[in-house]
Amino acid sequence: MTAAAKPAPSFWHGKRVLLTGHTGFKGSWLALWLARMGAEVTGLALAPATEPNLFTLARVADGLHPSHECDVRDAQAVAAHVQAARPQIVLHLAAQALVRAGYADPLGTHATNVMGTAHVLDALRGQADVRAVVVVTTDKVYRNREWAYPYREDDPLGGHDPYSASKAAAEIVTASYRDAFLAVQGVAVATARAGNVIGGGDWAADRLLPDAVRAWSAGQTLHIRHPEATRPWQHVIEPLAAYLCLAERLWADPTRAGAYNFGPLPHEAATVGYLVKMASSAYPESATSYENHSKGPHEAGWLALETAHARQTVGVAPRWGLDTAVARTMAWYRAQQGGADARALCLADLDAWEAAQ
């Protein structure tokens, strides 16, 4: 496994960072990481969407300066918080992040993912201190043709379902704000298209491993929708490290602005069924295993990303293979269910990732 570039604590120490979506699964992990590197993080997000949630259990708010409850659909509120924070770096993660929730509420999904992104970017116009912006989208921004090659950053954007379409639209909105406004004032803006993430502390509905933990810990059978669907799975630390390294690179070289795929090597994408079997072997309580319940709205069958551009330009590559990612994820949940502190478990995973070669 090729060693990945690591975020540099010396770079982040003292930097004023605006992090949207800090109460979510990925946002909570990222806020913990930034705080322990000494960044001055202002959080902007809705209240946590699940109970339990990592934001509360890991006491994420303790490391923020400060944490604001704010809906990115409220342009005036976003602008006021941005002006008060005076960020040097912006990491925009706030989103409606679930495919099936997008089907249930397409208008809300577009309002959050498209206009919410526009509101954040618009609030940065005229901000004197901001230098780097990373807008997080998804691997699902591509027009999925179910063909057997990984998608590259210059492949056409699209989206069958509302979530995918909203994230593709957010890519276009971001490119427009970058080209029309922010590049002119010296702000480097990039989008980050990351694959499916796993890791401890996710309790969202309709996500594979959280669903598995809920079912198995209750002695129930896990119901999965599409066991043959292939995805570029990765531990949550991998894309977060990539976002941080990308922001560092944008700060040093604004010409690196643009779109980036982040994920495992294309040949390491795995099916839903294979991931469940790996998770089951790492979670002894999973005696009830799983059943295939494939009914539901359309979801892409095969999806992988070509990540050569990110490896060559940003210097990132996976440190943990899928076996390690799954093992550490299931160990996190088992330890937390046994009474271990969620914050300590996250920090231990960060230590282990940073020590990996």
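This is a predicted model: local features need pLDDT of at least 70, side-chain atom pairs count only at pLDDT 80 or more; totals for chains, interfaces and linings use all residues.
Residues are numbered from 1 along each chain as its sequence is written, and side-chain values use heavy atoms, without hydrogens or water. Local features require pLDDT of at least 70 and side-chain atom pairs pLDDT 80 or more, whereas totals for chains, interfaces and linings use all residues.

The chain comprises 13 helices and 13 strands. These elements are DSSP runs numbered from the N terminus (helices: H or I, at least four residues; strands: E, at least two). The C-alpha atoms fill a box of roughly 55 × 45 × 40 Å along the principal axes. A compact globule of 357 residues would have a radius of gyration near 21 Å; the chain has 19 Å, which agrees. That radius is taken over C-alpha atoms, and the globule rule is 2.2 Å times the number of residues to the power 0.38. Buried residues account for 55% of the 357 (buried, under 20% relative accessible area; exposed, over 50%; partly exposed, in between; 1.4 Å probe, protein chains only). Of the contacts between residues at least 6 apart in sequence, 83% join residues at least 24 apart (contact, heavy atoms within 4.5 Å).

An open sheet is formed by 7 strands in the order β3-β2-β1-β4-β5-β6-β11, with parallel pairing. Two strands pair if DSSP finds at least two bridges between them. Strands β3 (64-69) and β11 (258-262) stand at the edges; each has a single partner, so one side of each lacks a neighbour in the sheet. Neighbouring strands are turned by 15 degrees against each other on average, direction ignored. Between β5 (132-136) and β6 (188-194) there are 5 bridges. A132 stands opposite A188 in β6.

Helix α2 (25-36) packs on this sheet, touching β1, β2, β3, β4, β5 and β6, and makes about 165 degrees with β1. Helix α7 (162-182) lies across β5, β6 and β11, at about 165 degrees to β6. Axes are lines fitted to C-alpha atoms, for helices over the stretch in contact; angles run from 0 to 180 degrees between N-to-C directions.

Helix α9 (237-252) is largely enclosed by the rest of the structure, because 14 of its 16 residues are buried.

D202 lies in the loop between β7 (197-198) and α8 (208-217). At 5% relative accessibility, D202 counts as buried. The D202 side chain makes a polar contact with that of R207 (3.1 Å). A polar atom of the D202 side chain also lies 3.0 Å from the backbone nitrogen of A204. A polar contact is a pair of N or O atoms within 3.5 Å; within protein, one must be able to donate a hydrogen and the other to accept it, and residues adjacent in sequence count only if both atoms are side-chain atoms. Beyond neighbours within four places in sequence, D202 contacts F25, R207, P210 and Y333.
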